[in-house]
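Have the model open beside you and try each task before reading its solution.

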Amino acid sequence: MGWITEDLIRRNAEHNDCVIFSLEELSLHQQEIERLEHIDKWCRDLKILYLQNNLIGKIENVSKLKKLEYLNLALNNIEKIENLEDVIY
């Protein structure tokens with residue numbers, strides 16, 4: 001797969017009646033995702049994001065998720081971390 005798409009988010013938001021704009025928790029583990037992109041466009045209220053067991057090589061674009069409280073990136077291919085200055089307290 002490689003990419004986070006609106007359809008992928010919608011399919012994993014069944015507990016929120018597939019409404020993604022008000023989604024607060026999202027689990028996208030084991031989806032072969034390679035990049036963190038565009039989540040902030042569809043899920044502005046996201047507080048919890050599970051992305052473990054994917055193929056993510058770089059942590060990026062996390063600071064765009066302004067309400068994020070918990071992020072699980074365990075068991076990925078992370079080699080680079082970018083733009084977390086505003087996220088880490």
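A nonpolar core is a set of buried Ala, Val, Leu, Ile, Met, Phe, Trp, Tyr and Cys residues joined through side-chain atoms within 4.5 Å; buried means under 20% relative accessible area, exposed over 50%, and partly exposed in between, with a 1.4 Å probe and protein chains only. The model is predicted: local features need pLDDT of at least 70, side-chain atom pairs count only at pLDDT 80 or more, and totals for chains, interfaces and linings use all residues. Residues are numbered from 1 along each chain as its sequence is written, and side-chain values use heavy atoms, leaving out hydrogens and water.

**Exercise 1.** Find the residues with the most contacts inside the largest nonpolar core.

*Solution.* Start with the core, which has 22 residues. Then pick out I4, I9, L26, C43, L49 and L51, which have the most contacts inside it. Finally, look at α1 (6-11) and α2 (39-42), the elements that give two or more residues to this core. Helices (H or I, at least four residues) and strands (E, at least two) are DSSP runs, numbered from the N terminus.

**Exercise 2.** Work out the strand order of the open three-stranded sheet.

*Solution.* Strands pair if DSSP finds at least two bridges between them. β1 and β2 (residues 48-50) pair in the parallel sense over three bridges, and E25 stands opposite I48 in β2.

**Exercise 3.** Is E79 buried or exposed?

*Solution.* First locate E79 in the loop between β4 and β5 (80-81). Its relative accessibility is 74%, so E79 counts as exposed.
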